[in-house]
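Please read them alongside the coordinates.

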There are 2 protein chains.
Amino acid sequence: MDMQISFLDRLFDSGLLIETGVEGLYGRSGEFEGVIAAFERLIDRVGGEDGAEAIRFPPGMNRAFFEKSGYMKSFPQLAGTVHSFCGCELDHMSLLKCMEEGNDWTGEQKATDIVLTPAACYPLYPTIAKRGNLPVSGGLYDLQSYCFRHEPSNDPARQQLFRMREYVCMGTEAKVTEFRQLWMDRGVKMMEDVGLSVEIDVANDPFFGRAGKLLANNQRDQNLKFELLIPVTSDVKKTACMSFNYHQDAFGAKWGLNLEDGAVAHTACVGFGLERIALALFAAHGLDTRLWPENVRKVLWG
Amino acid sequence: MDMQISFLDRLFDSGLLIETGVEGLYGRSGEFEGVIAAFERLIDRVGGEDGAEAIRFPPGMNRAFFEKSGYMKSFPQLAGTVHSFCGCELDHMSLLKCMEEGNDWTGEQKATDIVLTPAACYPLYPTIAKRGNLPVSGGLYDLQSYCFRHEPSNDPARQQLFRMREYVCMGTEAKVTEFRQLWMDRGVKMMEDVGLSVEIDVANDPFFGRAGKLLANNQRDQNLKFELLIPVTSDVKKTACMSFNYHQDAFGAKWGLNLEDGAVAHTACVGFGLERIALALFAAHGLDTRLWPENVRKVLWG
């Protein structure tokens, strides 16, 4: 009898993803990376005329900014702080003894000033605030980085380290809500152009605990977050491959992002989950990119 | 009187690097990233005919493999372990209270299964070992990832999160030492082609503590590590922008990398410090890539 081989196993067998022994932590083959690079070039073409400022932050951010962001209030279970050994030679000998004996040696590690970036735009807000007031016409930024979320899972679309491409808009309410609508329309068109069936739905973030349910309900009621859903591992429970978030003036007020006329900036971000989009393409068109439909290959590789 | 403005300040002022408030942790402008991308394409052209297998690991690796690697013996001060909150709702309330009071909240974080990658090739060895024996002709791999080293510094060439491109060769002693020599020759030629003055010298890793001095001396005496040095912040104290490492059969024995004829594989790796190379180019040719010498621009952008 045929075993039902899971999508993750098929990705491992094909070599597109490479096991590391940790759930949600995978190597990528050159072919997998080629799909991500091709989709990023598509994003560049679609968004390129908008004049966004490209900034690339590394996969870690200043812990002080992370603390101020409020992330530990909302998603404490997902955050990753970076810790290091800060001892002397004697401490080092104890550490090695502890490791040799197979005991937990990590308790002596001390938190550094760095936290893994939870979403590509987190380091942006304090960076822009430091520059001073924004012009009334606002600001537009193009970001990409590896992001970390501590949620081990055997769903290949839920990885602990994954890349997020983002555009962030800051300005008047009218400007940033128009920006969000523009990218919702563009996102649907882009996915259709690469042969993916999509729907857009209102959504909420996975806020922690019972108190988080109120935050989630509030977010849904106010239509602050939309997601673009595509089948990856299931046609029923689809995967969010893009998100469209309107922060009202909450981030502007928190970080001191002001327009030249004195108004607090509204902000919105649109994010592409690059691994999820690549996985959606492999799920829809098969694991060999050479056999993908000609029209899809043309959009991605010209 | 003119102040001597440091290279790091000039990089901040030009916007090529972006301050984050943490030493050695910087954002990069689109122009900075364009130089890295161009240099990577040059690497692709020079190494492309060799048929290396491209693998891209995320910036974190399995902690069990990290522990086995022996990194904590040699460089405990540089490692970064990833820790997360693993508590319940009550723990969360305590955590938030702790943060509100401005106290250290990080002590309650627990180590996850993930450690930040210290060098791009660390996740490779266990991955290849798992595949079984290597052909006698060996294996060749093309890697790139963000790497972490906890060494806060105001030297822009010493960043805590930086990218390393690597080729790793596994096989007979003759094969891997030939590979290393090939890339030493290629590296010198590549740097000369982009107008950088280079020298190659024997080197050693920054092993921890007094016992580490023995390891360092041994590494130098056996010519196991060479570095390609280029002026970045100083013409006197040059910066290692490439390294060429021969591991003998130490990694082969540790990870169980065997050739089909039963011999333990020898291994060698050549690494490009991508941020350092970009900084060397900016230091040599100025902060505006449009004004770089025509022959250098031609090599990088065609």
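**Notes on the two-chain model**

1. Please bear in mind throughout that the model is a predicted one.

2. As for the extent of the interface, 63 residues of chain A are in contact with 63 residues of chain B, and the two chains bury about 5,000 Å² between them, of which 68% lies on carbon and sulfur atoms.

3. Turning to polar interactions, 22 residue pairs are in polar contact between chain A and chain B, counting pairs with both residues at pLDDT 80 or more. On the side of chain A that touches chain B, the residues divide by class into 31 nonpolar, 21 polar and 11 charged.

4. How many salt bridges cross the interface of chain A and chain B? The rule finds 4 there, and K130(A) takes part in a salt bridge with E19(B), with the closest N and O atoms 3.4 Å apart. Over all chains, the count by this rule comes to 36 salt bridges.

5. A salt bridge within chain A is that of K189(A) with D193(A), whose closest N and O atoms are 2.9 Å apart. K189(A) and D193(A) both belong to helix 7 of chain A, residues 173-193, where they are 4 residues apart, or about one turn of the helix.

6. On symmetry, chain A is superposed on chain B by a rotation of 180° with 0.0 Å of shift along its axis, at an RMSD of 0.0 Å. The two copies are therefore related as by a two-fold rotation axis. In chain A, the C-alpha nearest the axis belongs to V82(A), at 2.4 Å from it. The same surface serves both copies, in that 100% of the contact residues of chain A recur in chain B.

Notes:
Residues numbered from 1 in each chain as written. Chains lettered and ligands numbered in written order. Predicted model: local features only at pLDDT ≥ 70, side-chain atom pairs only at ≥ 80, totals over all residues. Heavy atoms only, no water. Contact = heavy atoms within 4.5 Å. Buried area = accessible area lost by both parts, 1.4 Å probe. Salt bridge = Lys/Arg side-chain N within 4 Å of Asp/Glu carboxyl O. Polar contact = N/O pair within 3.5 Å; in protein donor to acceptor, adjacent residues only side chain to side chain. Nonpolar A, V, L, I, M, F, W, Y, C, P; charged D, E, K, R; others polar. Least-squares fit on C-alpha atoms with pLDDT ≥ 70 in both. Helix = DSSP H or I, 4+ residues; strand = E, 2+ residues; numbered from the N terminus.
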